[in-house]
Amino acid sequence: MKTGLFFGSFNPVHLGHLVIANYMANYTALNEVWLVVSPHNPLKNRKGLSNMYDRLEMARLATENSSNLKVSNIEFGLPQPSYTIDTLTHLHEKYPEREFAIIMGADNLSSFKKWKNYEVILKNYEIYVYPRPGVEVEEWKNHPSVIMTETPQMDISSTFIRKAIQQKKNVQYLVPDSVIAFMDGKNMYR
């Protein structure tokens, strides 16, 4: 079983995330994709980050009708901030029968050398990369562990969604209806 790990804050999860996850699970060598909800990305500001359990529930709601997309809270029990190498080590110990790979955007790949133990990750895991507008990753194109994909690009961000909600704009078709209902019920991002 080849499992792709799609790490993110998912603050909130949106259709761009789901298009990427679905593409990876259905159009690559991956059998399934786990959306790994990160309590706190060490390279991002914690300000404006919603409760991790709310973000986990939104991701669960967004993927509940998919057979090969799952949601993971594996980083909730690990030391903060969570580093990918530590999460991978933990997952390998917990699920030795699975083969894990990482899913990341070209923007993250361009700063990958800043990651903790990035060389170890490259040596032991495949990285499935989705394109990002205006980001070049030429230096990685021929690396044996890096798989460039033709994932459809959608220029939607969680930041855009949060700002739209603050401005009382309609985010239908950008965020799953079940997630919109959850956010409305909790008065999130207002």
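Q: Which residues in α7 do Asp54, Glu57, Met58, Leu61 and Ala62 in α2 meet?
A: In this predicted model, the axes of helix α2 (residues 52–63) and helix α7 (residues 177–186) come within 8 Å. The contact of α2 with α7 has six nonpolar, one polar and three charged residues. On the α7 side, the residues met are Ser178, Val179, Phe182, Met183 and Lys186.

Q: Is α2 roughly parallel or roughly antiparallel to α7?
A: The axes of the two helices cross at roughly 150 degrees. Angles over 145 degrees count as roughly antiparallel. Therefore α2 is, relative to α7, roughly antiparallel.

Q: Is threonine 151 buried or exposed?
A: Threonine 151 lies in the loop between β6 (146–148) and α6 (158–166). Leaving aside residues up to four places away in sequence, threonine 151 touches Ile20, Tyr23, Met24, Tyr130 and Pro131. Its relative accessibility is 3%, and under 20% is the range for buried residues. Threonine 151 therefore counts as buried.

Q: What kind of aromatic pair do the rings of phenylalanine 6 and tyrosine 130 form?
A: Phenylalanine 6 belongs to strand β1 and tyrosine 130 to strand β5, 124 residues apart. Their ring centres are 5.9 Å apart, with the planes at 75 degrees. Planes over 60 degrees apart count as edge-to-face, so the pair is edge-to-face.

Q: Which residues do ring pairs link into a cluster with Trp140?
A: Phenylalanine 112 and tryptophan 140 form an edge-to-face pair, although the two are 28 residues apart. Phenylalanine 112 is buried at 0% relative accessibility, and tryptophan 140 is buried at 5%. The residues linked with Trp140 are Phe112, Trp115 and Tyr118.

Conventions:
Residues numbered from 1 in each chain as written. Predicted model: local features only at pLDDT ≥ 70, side-chain atom pairs only at ≥ 80, totals over all residues. Heavy atoms only, no water. Axes fitted to C-alpha atoms, helices over the stretch in contact; angles between N-to-C directions. Helix = DSSP H or I, 4+ residues; strand = E, 2+ residues; numbered from the N terminus. Parallel < 35°, antiparallel > 145°, perpendicular 65-115°, else oblique. Contact = heavy atoms within 4.5 Å. Nonpolar A, V, L, I, M, F, W, Y, C, P; charged D, E, K, R; others polar. Buried < 20%, exposed > 50% of the residue type's maximum accessible area, 1.4 Å probe, protein only. Phe/Tyr/Trp six-rings, centres within 6.5 Å; stacked < 30°, edge-to-face > 60°.
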